[in-house]
Amino acid sequence: MSSPFNPYAEQHKDLKGPGDERPTAIQVLKDNNLIQAWPDKVVLITGATSGIGIETTRAMYATGARCFVLVRNPAKAQPLVADIIKSTKGNGKIEIIEMDLDSLDSVRNAAQQFLQMSSQLNVMINNAGIMACPKTITVDGFERQFAVNYLAHFTLTTLLLPTMLSSSSPTFNSRVVWVSSSGHRHDHCRLDLNDIGLLDHYEPWSAYGQSKTATIWASNHIDRKYGPRGVHSLAVHPGGILTNLSQYMEPEQIAAIMEDKEAPKKMKSAEQGAATQVWAAAAPVWEGQGGKYLEDLKVADLTSGIPSALGDGYGAHAYDPVNEEKLWKLSLGLVKVEEP
C-alpha cells in the first residue's frame, strides 16, 4: 500500500527491468508539481558526467534551479551540460566547477570557487563514487574508495554547511543527499574506525561497503546535529543500474549477479536510478525531515536474512549514533576542517 513515504509502492510490485513502470526522476518532479518551481533555489551535484549523475542534473535543471556541477573533467562535462539544456525544458542554469575527489586540495579549491560564485546553497547531492577498485592510496594517504566515496564528500559538505545553514528558511530547510549503496549491508561492511579503508587487510568489496556505511553515518549525524538548525540529510540507495560504476567488475562477476532470475527485473535505467535521490532532494514530503536511508522511492526497512546482490533493506549497523559521532569527529581531524 502506498503512503507519503512510499508513494510508488504499486509501481514496484511487478518489476520488468529498465524502463518498466517504476518512475523516472523527471516523473517524480512532475508528480510533485516541481517542474520550473524552483527559480529561487541553488543546487550542487557531484559526479554529473555519467550515469545517474547526468539524469539527476537533468532533473534539477528542470526545476528551474541554478545548478552547479562539480566534475573531474570540465571538458567532458560541457557537451553533456549543453545537451541537457537543449533537450530539457527549463529556464534554469548549469555552471561547471572542476573538482577531483582524489585530492582534498582540489575539493577545498572547488568549495572556495563555489562560494565565490554563490552565497546560497539549498540542496547538495553527493552523487559521485567508485566501486570495488584495486587497492590505491590517494595523494592524501587514504584508501581510494574511502577517500572518494566518503571523505572528499565529507570535506565538501562541512565546508559548505555554513552556507546551507544560512540558506535555510522556514518554508524550505536545506537538504543534503548522500548516494550510498545496498553494498553497505553485509557484516564485513560495518565500518572499522581502527582501520579506515582496510589498509591493513584490503578487500575491494568490503572497502566499498564500508565507504558506503560511512556515507549513511555522516548523513544520520548531520540530520541529528544540524536538522534543528535547518539542514536535513538523507542517504539513498539508487538501485541496480549498469553504468561505468561497474568498470572494475569482471564480466564473470556481473554474470554471477545476473544468474539470480530476479536480478534483471530489479535493474533500472539511469533515469529510474536517479529517481530516489531526486525525490529526497526535492519532494515536499521531506520538508523538515531526514535521518533516513531510502531505496525504491521509500524509506527502507531492516534487511532480513542474508543480503543478496540487489536485495532490499538496510544493514543493522546503518543506524549507530555512537559510532556516527566518532566517525564525524575522526573525519574532522583527518581532513583538518573545523566543526561548522
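The legends below accompany close-up views of a predicted model.

**View 1. An open sheet of eight strands.** Let us start with the sheet, whose strands run in the order β3-β2-β1-β4-β5-β6-β7-β8. The sheet is open, and its pairing is mixed. At the edges stand β3 (93–98) and β8 (298–299). Each of these two has a single partner strand, so one side of each is left without a neighbour in the sheet.

**View 2. Strands β4 and β5 side by side.** Here we look at β4, residues 123–126, next to β5, residues 174–179. The two strands pair in the parallel sense, over four bridges. A handy landmark is I125, which stands opposite V177 in β5.

**View 3. Helices α5 and α6 on the sheet.** Helix α5 (residues 144–167) packs on the sheet and touches β1 (42–46), β2 (66–71), β4, β5 and β6 (231–237). The direction of α5 makes about 170 degrees with that of β5. Helix α6, spanning residues 204–226, also packs on the sheet. The strands that α6 touches are β5, β6 and β7 (293–295), and its direction makes about 155 degrees with that of β6.

**View 4. I35 in the loop between α1 and β1.** Look for I35 in the loop that lies between α1 (25–31) and β1. Leaving aside residues up to four places away in sequence, I35 touches I26, L29, K30 and A62. I35 and Y61 are 26 residues apart in sequence, and their C-alpha atoms are 9.0 Å apart in space.

View 5. The loop between β8 and α11 (321–335) holds H317. Is H317 buried or exposed? Its relative accessibility is 2%, so H317 counts as buried, the limit being under 20%. Among the residues that H317 touches are the histidines H184 and H186, together with R185 and R190. C189, T213 and W217 are also in contact with H317; residues up to four places away in sequence are not counted here.

View 6. A disulfide is a covalent bond between the sulfur atoms of two cysteines. How many disulfides does the structure hold? The number is zero.

Technical notes. Residues are numbered from 1 along each chain as its sequence is written. This is a predicted model: local features need pLDDT of at least 70, side-chain atom pairs count only at pLDDT 80 or more; totals for chains, interfaces and linings use all residues. Side-chain values use heavy atoms; hydrogens and water are left out. Two strands pair if DSSP finds at least two bridges between them. Contact means heavy atoms within 4.5 Å. Axes are lines fitted to C-alpha atoms, for helices over the stretch in contact, and angles run from 0 to 180 degrees between N-to-C directions. Buried means under 20% relative accessible area, exposed over 50%, partly exposed in between (1.4 Å probe, protein chains only). A disulfide is a pair of cysteine sulfur atoms within 2.5 Å.
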